[in-house]
Amino acid sequence: MTGLFGPRTEIFPARKIGGRVSGLFEAVAGDFVTTRASSLELTFDGIVGDFHAGATRKSGGREPWYLRGTEMRNERQLSILASDELKEVATGMGLEELKAEWIGGNMVIDGVPSLSMLPPRTLLFFEGGVTLRVDGQNAPCKVAGRSIGEHAATADHTTTALDFVRVSRRLRGIVAWVEKPGTIGAGEMVDVRVPEQWIYQP
């Protein structure tokens, strides 16, 4: 059910969705590529020892409003993916499979429709007590695409990288940060709480 606020803004109510953690991964070898883990220990800095851990990070090409290398808040402590979207991207790229590890995924959550479209401020409550807050979509990049080319042994890694950027738009998962720390175990259930949504039209 929707409601109206003012003459133009349609407001969609908050809702809850249930999901399950089907895979956990960490990047502890000094590179963004991850390896499977049975659990993840999280602090307010993110996954302990992970490549993307930290309260802050350096800005890059996704933040053109800052000089590259500017210290900023780290809103992408975890990369979260969905099995069905990984399969869809693999099919679109003509690959037999696309593993979460190849593109730096920290977690795969199943059972949440269109996971990549979860809006900012969505909260993920895990049954073990951890809470993550979604920042937004994880924009695809050629670095991750080249990693796919290397792991899948494609004939042309540059073409693979470009294909990944094209095919995985709005299917590449979400990034999130730790709101309440603790430990997440593989197989945990997760309560996804989507906030009220609206399209801002001034």
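A residue is termed buried when its relative accessible area is under 20%, exposed when over 50%, and partly exposed in between (1.4 Å probe, protein chains only). By this criterion, buried residues account for 45% of the 202 residues in the protein. The model is predicted, and local features need pLDDT of at least 70, side-chain atom pairs count only at pLDDT 80 or more, and totals for chains, interfaces and linings use all residues. Residues are numbered from 1 along each chain as its sequence is written, and side-chain values use heavy atoms, with hydrogens and water left out.

The protein contains three helices and 16 strands (DSSP runs numbered from the N terminus: helices, H or I, at least four residues; strands, E, at least two). Its radius of gyration is 17 Å, close to the 17 Å given by the globule rule for 202 residues, so the protein is as compact as a globular protein of that length. The radius is taken over C-alpha atoms, and the rule is 2.2 Å times the number of residues to the power 0.38. Along the principal axes, the C-alpha atoms fill a box of roughly 55 × 40 × 35 Å.

Of the contacts (heavy atoms within 4.5 Å) with a separation of 6 or more, 69% are between residues 24 or more positions apart.

Helix α2 spans residues 142-152, and its buried residues are Ala-144, Gly-145, Ser-147, Ile-148 and Gly-149. The buried residues of α2 pack against α1 (83-93) and α3 (157-167). Just after α2, Ala-153 adopts a positive phi of about 55°.
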